[in-house]
Amino acid sequence: METIQLNNGNTCPAIGIGTFMLSPADAQRSVREALKMGYRLVDTANAYVNERAVGRGLRDSGVRREEVFLSTKLWPSEYENPNAVDETLARLGVDAVDLLYIHQPAGNWLAGYRQLEKAYREGKAKAIGISNFEGRYIEELQTKWDIVPQFIQVEAHPYFTQQELRKTLDKHGIRLMSWYPLGHGDKSLLQEPVFASLAEKYGKTPAQVILRWHTQMGFAVIPGSKNVDHIRDNLNILDFRLTDGEMAQIAKLDKGVRYYHRTDAQLAQFASWQPAYEAE
Ligand SMILES: NC(=O)c1ccc[n+]([C@@H]2O[C@H](COP(=O)([O-])OP(=O)(O)OC[C@H]3O[C@@H](n4cnc5c(N)ncnc54)[C@H](OP(=O)(O)O)[C@@H]3O)[C@@H](O)[C@H]2O)c1
């Protein structure tokens, strides 16, 4: 497994499994099967309402806890809850996570960030991160953080490569973890002719070529899937390498266009929404 070096000396696997929009049953199965296949990075969130299932999948897999890099995110409704981190760990059934994000720059996000810093100092989070903190939010955070985060999780794929943001990340050694790495399954991205021709050259699928591109960009990548064949394919991308010329060809697809456009009104809604967590 390729790993990514973090600014606190830790490492993180370059490829993992994402669990956004997976029901608890699907999340449990996808995580269990992924870990059995060799995945060692799992991403979830309070808001996905599947943390208990992810914890069950981890335990069912038989893989030892210390071998897995487990990432989750506090939702804004938790930012002022002093027990948010402990409650998150309890849902997952673990003593600590390897990465803890604040999910959105909504509500009292600075209180949320302070909770991350406290969890980091207490060893309950081995690394911390910000999610969706582009533009003015990361600018403001830079004036307030005591601990520089290790990761940012943002939308990134060949149509939207976060060129602006990466200048700030490089200054602080913050690593990028891509969400919507396959365009959330969008056919037009998967069907770009450049991926078809590279897939043919390397004996891979277009999705595998896109995921390889992410890792060669230096991004950690967490494709979501409930299809065991896709989960297997998505890990099987380290036995070929795109040339510099091929990376340059793919770079031409960058349109600076996102799939997901968040508005200020949505941020306000995020701040007032409370996840209805799974029962025991
Ligand atoms: N921080 C945030 O705000 C945020 C937002 C969104 C997502 N995320 C994280 O990022 C992860 C990835 O994002 P995502 O799951 O929304 O989008 P994605 O990984 O870009 O795409 C997932 C879609 O692609 C399909 N897919 C997966 N592997 C495939 C393959 N090899 N070939 C063809 N299709 C494939 C999946 O369908 P099948 O199930 O049929 O395989 C699913 O419909 C999430 O799971 C979550 O952990 C974070």
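In what order do the 8 strands form an open sheet? The order is 3-4-5-6-7-8-9-10, and the pairing is parallel. Strands here are DSSP runs of E with at least two residues, helices are runs of H or I with at least four, and both are numbered from the N terminus. Two strands pair if DSSP finds at least two bridges between them. Strands of a sheet pair through backbone hydrogen bonds, either parallel or antiparallel. Strand 3 (17-18) and strand 10 (220-221) are the edge strands, and each pairs on one side only.

The model is predicted: local features need pLDDT of at least 70, side-chain atom pairs count only at pLDDT 80 or more, and totals for chains, interfaces and linings use all residues. Residues are numbered from 1 along each chain as its sequence is written.

Strand 7 (residues 128-131) is covered on both faces. Ile128 and Ile130 lie on one side, Gly129 and Ser131 on the other, and all are buried. A residue is buried if 20 or more other C-beta atoms lie within 10 Å of its own, exposed if 12 or fewer, and partly exposed in between, with C-beta atoms placed from the backbone. Strand 6 (residues 99-102) runs parallel to strand 7 and is joined to it by 3 bridges. Across this pair, Ile102 stands opposite Ile130. Strand 7 also pairs with strand 8 (residues 151-155), in the parallel sense and over 3 bridges. There, Ile152 is the bridge partner of Ile130.

Strand 6, helix 4 (residues 109-121) and strand 7 make a right-handed β-α-β unit. From strand 7 the chain crosses through helix 5 (residues 136-142) to strand 8, and this β-α-β crossover is right-handed too. Right-handed means that, with the strands pointing away from the viewer, the path from the first strand over the helix to the second runs clockwise.

Ile128 belongs to strand 7. Why does Ile128 count as buried? It is buried because 23 other C-beta atoms lie within 10 Å. Beyond its neighbours within four places in sequence, Ile128 is in contact with Leu100, Leu116, Glu117, Tyr120, Ile147, Pro149 and Gln150. Contact requires that the C-beta atoms of two residues, placed from the backbone, lie within 7 Å. The C-alpha atoms of Ile128 and Val148 are separated by 8.4 Å, and the two residues are 20 apart along the chain.

Met177 stands opposite Ala220 of strand 10.

Two loop residues other than glycine have a positive phi. Gln162 has a phi of about 60 degrees. Gln162 sits in the loop between strand 8 and helix 6 (163-172). It counts as buried because it has 22 C-beta neighbours inside 10 Å. Tyr180 has a phi near 55 degrees. Its loop runs between strand 9 and helix 7 (187-190). Tyr180 counts as buried, with 22 C-beta neighbours inside 10 Å.

Helix 1 (residues 24-37) has 14 residues and should span 20 Å at 1.5 Å a residue; its end C-alpha atoms are 20 Å apart, which agrees. The expected span is 1.5 Å times one less than the number of residues. Ala27, Gln28, Ser30, Val31, Arg32, Ala34 and Leu35 are the buried residues of helix 1. Their cover includes strand 3, strand 4 (41-43), helix 2 (51-61) and helix 10. Gly38 follows helix 1, with a positive phi near 125 degrees.

Helix 9 (residues 206-216) is mostly covered, with 9 of its 11 residues buried. Among them are Pro206, Val209, Leu211 and Trp213. The cover includes strand 9, helix 7, helix 8 (193-202), strand 10, helix 10 and helix 11 (244-251). Just after helix 9, Gly218 has a positive phi of about 90 degrees.
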